[in-house]
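Hi,

Here is the model I said I would pass on.

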Amino acid sequence: MTQLDVPHSDRHPSVPIVTIDPLGADPHAEMARLRAAGPVVRTVLPGLPDTVHAWMVTRPDLLAQLGRHPAVSRVAHRHWAAHRDGLVPSDWPLAGMFIGLTSMFFLDDPEHQRQRRMISSVFTARRVERMGGDITRVVRNALDALPGHRGPDGAVDLRAHYAYAIPMGVICHLLGIPEPMRPRFRALVDMLLDTDGKTAEDAAALERGRLELLDELVDLRRTRPGTDLTSSLITVRDGDGDTLSHRELLDTLWSLVVAGHETTLNLITNAVRALLTHPDQLARARTLPPAGWSAVVEETLRWDGVINYLVAGYTTDTIAIGGTSIPPGQLLVSLYAGIGRDPGVHGPTAGRFDISRANTQQVAFGAGSHYCLGAPLARLEARIALCELFGRHPEMRLAVPDSELRNARSLFTNSPSTLPVQLEAHPNPHR
């Protein structure tokens with residue numbers, strides 16, 4: 001009997017095995033339950049045999065350690081024993097979020113640093129700073145369009161028609177994606193993150209669709225280059241004159257579209273919901289100058305993280321973390337949605353949304369060498385979007401009780417699937 005044939009419960013009896021909701025209906029209650037189970041827990045991901053476990057840490061300091069640990073790899077085919085030994089189905093519907101891409105998110109050094117240097121040489125802090133005017137234009141266009149999206153009850157779904165429109169508009173502008181292509185990109189990103197009944201056929205269609213669409217984009221920008229990031233990445237070279245291969249380019253663009261869209265969509269949605277359900281904090285935010293709305297962004301990232309679960313890597317050797325030894329060849333999964341509410345870090349008020357909080361320590365954008373390159377852009381988009389929204393609609397209220405909002409049905413996403421609001425004063429506002 002091989003090690004992988006032995007039930008995990010027999011080999012690691014001290015590490016609890018927990019069941020997680022594949023649709024992420026209540027990530028904060030789930031995070032509290034996992035935290036109570038211990039600093040290190042295990043689970044089985046949807047579509048995997050019950051002998052193949054994902055290991056998770058439940059404290060933010062341990063999550064940061066995983067991000068910096070030298071014995072944690074991002075390359076599944078080399079270091080995930082279950083995948084290497086054929087225990088992960090070849091048509092696993094969730095494979096696109098865990099294995100397969102040649103983008104830097106799924107690479108180790110030196111390949112990771114090579115790609116990161118090339119991308120960061122064109123996706124610079126100065127470039128992000130210069131995007132403030134473009135972001136404001138996208139935000140104001142979305143605000144202008146909001147009244148036209150009112151339903152029969154006068155409510156507008158702010159997630160669908162504002163929080164969704166802004167990051168997709170910004171990332172498409174940044175990457176030079178023309179208007180006719182944008183709905184196809186939106187549909188493919190939604191398909192990737194959907195874990196509600198996703199089939200192997202869906203996953204195969206997604207893979208074909210994304211490669212075909214990215215090929216179209218690259219062909220367009222090769223023949224009609226512009227000042228966009230895609231045009232820059234086509235020609236970028238590292239210090240030795242090396243360029244991104246065609247597949248590296250496609251996977252890099254895909255990662256930028258997915259990360260540039262989903263994180264900011266959820267950040268804006270969660271921040272609006274938090275402010276509308278905490279009127280004292282909204283009143284405080286209204287006194288802030290435009291740049292001061294960063295306090296709202298940072299507290300939202302801590303209090304209601306934008307991503308639920310995400311791959312953290314694979315152990316290349318035995319690692320000791322949280323008083324537990326995790327053997328080599330194991331899948332590590334990060335929990336971001338509720339990990340910022342750890343009382344061990346933020347004390348008895350960890351569960352309170354407070355934009356004046358002095359300690360806003362959080363790991364929403366990862367840690368270590370794989371820290372998200374797009375974090376400054378997401379923060380800038382959210383700050384502008386929130387300031388402009390509440391400036392334009394100061395009497396905005398939720399159109400339904402907060403208790404009726406339901407999380408998007410996805411293992412990966414943390415935000416309500418809809419956010420219906422009344423843009424003007426309403427006789428029976430819900431708090």
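Strand 9 and strand 10 (residues 420-422) run antiparallel and are joined by two bridges; Leu398 has Val421 as its bridge partner in strand 10. Strands count as paired here if DSSP finds at least two bridges between them, and the numbering from the N terminus follows DSSP runs: helices are H or I of at least four residues, strands E of at least two.

Before going on, a word on the source: this is a predicted model, with local features needing pLDDT of at least 70 and side-chain atom pairs counting only at pLDDT 80 or more, while totals for chains, interfaces and linings use all residues. Residues are numbered from 1 along each chain as its sequence is written, and side-chain values use heavy atoms, with hydrogens and water left out.

Next, helix 6 (residues 111-122). Its twelve residues reach 18 Å from first C-alpha to last, close to the expected 16 Å (1.5 Å times one less than the number of residues). His112, Arg114, Gln115, Arg116, Met118, Ile119 and Val122 of helix 6 are buried, meaning under 20% relative accessible area with a 1.4 Å probe, protein chains only. Their cover includes helix 7 (125-130), helix 13 (229-235) and helix 14 (246-276), going by contact (heavy atoms within 4.5 Å).

Now the cavities. On a 1 Å grid over the protein atoms alone, a cavity is a set of points where a 1.4 Å probe fits but cannot get out, and lining residues have an atom within 4 Å of a point. Points are joined across faces, edges and corners, and the volume is the space filled by probe spheres set on them. That gives four cavities of 30 Å³ or more.

The largest cavity has a volume of about 880 Å³. It is lined by 47 residues, of which Phe105, Ser255, Ala259, Leu310 and Cys372 are the closest to its centre. Helix 14 turns up again here, giving the most to this lining with ten residues. Among the other elements that give two or more are helix 6, strand 5 (309-315) and helix 18 (375-392).

The second largest cavity holds about 50 Å³, and its lining includes Pro60, Arg302 and Tyr336.

Cheers

Notes: Buried means under 20% relative accessible area, exposed over 50%, partly exposed in between (1.4 Å probe, protein chains only). On a 1 Å grid over the protein atoms alone, a cavity is a set of points where a 1.4 Å probe fits but cannot get out, and a pocket is an open set with protein on both sides within 12 Å along at least five of seven lines; lining residues have an atom within 4 Å of a point.
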